[in-house]
Structure formats: C-alpha cells, structure tokens
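Visitor: I would like a close look at one residue, and then a walk through the parts around the rest of the chain. Please keep it brisk.

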Amino acid sequence: MNGHASALAEAHLPDEQTSAFAREAIGDLSQRPKRLSPKYFYDATGSELFEAITRLPEYYPTRTELSILRDRGSDIAALVPKGAALIEFGAGATTKVRLLLERCTIGAYVPVDISGDFLKDQADTLRKDLPGLAVYPVAADFTAPFALPAEIATMPKVGFFPGSTLGNFEPHEACRFLRSARDILGKDALMVIGVDLEKDERVLYDAYNDAAGVTARFNLNVLVRINRELGGNFDLSAFTHRAIYNRERHRIEMHLISKKSQSVRLLGTSLAFRAGESIHTESSYKYSLDRFTALARGSGWTPRESWTDKAGMFSVHALVASD
C-alpha cells in the first residue's frame, strides 16, 4: 500500500465522495505543477460565494447570458418538446432555469450537482414556488456518468448547461463531457448550453479580479474546505489569489500562490510549497463560435441554433444528439 492509500485507509473517511476528494487532492497537490479540480470549489460556502460573484459589476457572463435567455426564450422554447424532462448539469441557483421553465411546457426538472446541501435547498425552494412541477434532484458529479431518475424514463430529454461551465474543462475534457452528456440524455436529445466568447483581455481580467475580492475568497475557500473535510492545515494567509489571461490557450487561469516556503499536512501526507509556487485551481476557456461548433460536432452533437448578445460577449447554443 502506498503512502497516499495508507493515509486514506487510516482516516476512515465517511463516504465515497469525501474519499474521492481526498484521493484527488493529495494526488494533484503532490504533482508539479500543483493543481486542484474546480469542481471542489462548490461546497455550500463556495456555491454561495459563486452566486455573489455572478452579481458583481465586473462579472459580465451571468447577466449577459440571462439577457440572451430572456430575449431568445421563445426561440429556445420552440425547440423543446412538450412534456420533456429538463436535466441541468451543475445546477446552481435557479435564476436561469426559471426562464426556461416559464417559457417551456416541462414535464419534470432534474437538477444535478455535486453540492448536495445547496442542491436540496434550491430544489425545495423551486417546489414551493412551482408546486405543479416534478423536481428530482440528483447529487452527483455531473462530469462522470450518472443515472437519471426512473420517473423520467419515458420523457423526451433536454439538457441544460448554462454559465459557460464548459470553459472550465480542458478541450479534451469538454469533448468527454459532451459525449457523456449525449449518452446520459439519449438519442435525439436537445442540449442548451452557454459558452463564453473571446473578447478584450482587460474585460476578462477584471471579471476574475474583482475590486471587492469576492473571487479571491471563492478561490481560497477550496483550502478552507480541505481543512474542514480532509483535516488539512492550510494557512489561508500564506496564499494569495491570482487570475491571468493566457492568450495562447484562449483561457483565464486562476491560481493560489504560496507567499513563502512552507509545508502543509493533509491526511498524514506532507506537501511542500516553494515561495511563489502555484496551485492551478481553474481554467476558463473562451471560444469563438467556429471553435465551439467544431468541438460540438466532434463530440457527437449537431449544432441546431446559436444566439449571442448584441456586443458578442456570450453565446447560447442548441445542440441535437447525433446518432
């Protein structure tokens, strides 16, 4: 048994989801360069902080995507079969999905997210507001295969993946996710997906380095989560948030930078950090319309329609599952 496996065995972690978090965190932080998966941002606090980010003046994606969903809602609704089950991958706050629920005749709503507590709270609120809507939350890692509720088996399927979360994946991971989503939703399924577009670099920089420091707290919260759930001893004051635009790779990169040489312990494993060393916590790829269309086609989807705001900041796409 190697050191990582031994540490996990001795820890008696309470569930498989926490064990998977531990395995990934120890493995990724033992590498150079160090990294952490952005899916672990979203505990209850992380989810709340992200919702706060979406309301910041510098953060354009949420309000721009909402404007497209409002302005083009009728066009999107015309593509959605009546009585369809709407499956939202990585469901957060229900603001965006409510716009579809208002315009479409939906038979059931299936929010899927790794943050179980936040998911339950949002589902309970939606049931109260829309008592006639069947809501079947699924607590799962939406980047991996998962089972849909039996109650929607006979319904047409529509996937919903807003917020340009696809941009958090490396291109090969985005392709794998889109193929997995196609397999989960099935033949002839529709996917409505938000994709952030390339734009002026200053706009991008400001969106991920807000003046209020909310994005910095969101980034650092992943270390708070590691300390709480995995017994880590990260000193948050010894790390700082940094977000930069990588022009060659068309992506914003978020990092946590170690301010000094230090050692952190996590489940019996010692992790060394050099002064200035980075933990790469997230990438956010920005696409052109042509590059996203090529990605979709190569992942088993046929582009049906696409819509952008007048300034060309953001895009929403309707895709149909190919045979």
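Visitor: Where is the place of G116?

Guide: G116 belongs to helix α7, which spans residues 116-129. Helices are DSSP runs of H or I with at least four residues, strands are runs of E with at least two, and both are numbered from the N terminus. The model is predicted, so local features need pLDDT of at least 70 and side-chain atom pairs count only at pLDDT 80 or more, while totals for chains, interfaces and linings use all residues. Residues are numbered from 1 along each chain as its sequence is written, and side-chain values use heavy atoms, with hydrogens and water left out.

G116 is partly exposed, at 30% relative accessibility. (Buried means under 20% relative accessible area, exposed over 50%, and partly exposed in between, with a 1.4 Å probe and protein chains only.) A140 is 24 residues away from G116 along the chain. The C-alpha atoms of the two are separated by 8.0 Å.

Next, S284. This serine is in strand β12, residues 278-285. S284 is buried, with a relative accessible area of 5%. Leaving out residues up to four places away in sequence, S284 touches G167, N168, Y208, H250, R251 and I252. (Contact means heavy atoms within 4.5 Å.) With Y208 there is also a polar contact between side chains, at 3.1 Å. (That is a pair of N or O atoms within 3.5 Å; within protein, one must be able to donate a hydrogen and the other to accept it, and residues adjacent in sequence count only if both atoms are side-chain atoms.)

Two of those partners lead further. Take H250 first. H250 lies in the loop between β8 and β9. H250 is partly exposed, at 29% relative accessibility. Its phi is positive, near 60°, and H250 is not a glycine. Most residues other than glycine have a negative phi.

Now Y208. This tyrosine is part of one aromatic cluster, together with F41, Y42, F50, Y59 and F218. The model has 19 aromatic pairs. Within the cluster, take F50 and Y59: their ring centres are 6.3 Å apart and their planes stand at 80°, so the pair is edge-to-face. (Rings of Phe, Tyr and Trp, the last by its six-membered ring, pair if their centres lie within 6.5 Å; planes under 30 degrees apart count as stacked, over 60 as edge-to-face, the rest as tilted.) F50 is partly exposed, with a relative accessible area of 21%. Y59 is buried, at 7%.

On to the cores. The largest nonpolar core has 38 residues. (Such a core is a set of buried Ala, Val, Leu, Ile, Met, Phe, Trp, Tyr and Cys residues joined through side-chain atoms within 4.5 Å.) L223, I226, F239 and L266 have the most contacts inside the core. Elements that each supply at least two of its residues include the helices α2 (16-29), α3 (44-53), α9 (201-208) and α10 (214-230). The largest share, seven residues, comes from α10. Look at L266 in detail: beyond its neighbours within four places in sequence, it is in contact with A25, I26, L29, I226, L230, G232 and L271. Apart from this core lies another, of 33 residues, with F161, L166, F169 and Y285 among them.

Just after the helix, G300 takes a positive phi of about 90°.

Two backbone points remain. D188 sits in the loop between α8 and β7. D188 is exposed, with a relative accessible area of 54%. Its phi is positive, about 70°, although D188 is not a glycine. The other point is the cis peptide bond that joins R32 and P33, with omega about 0°. P33 lies in the loop between α2 and β1 (34-35).
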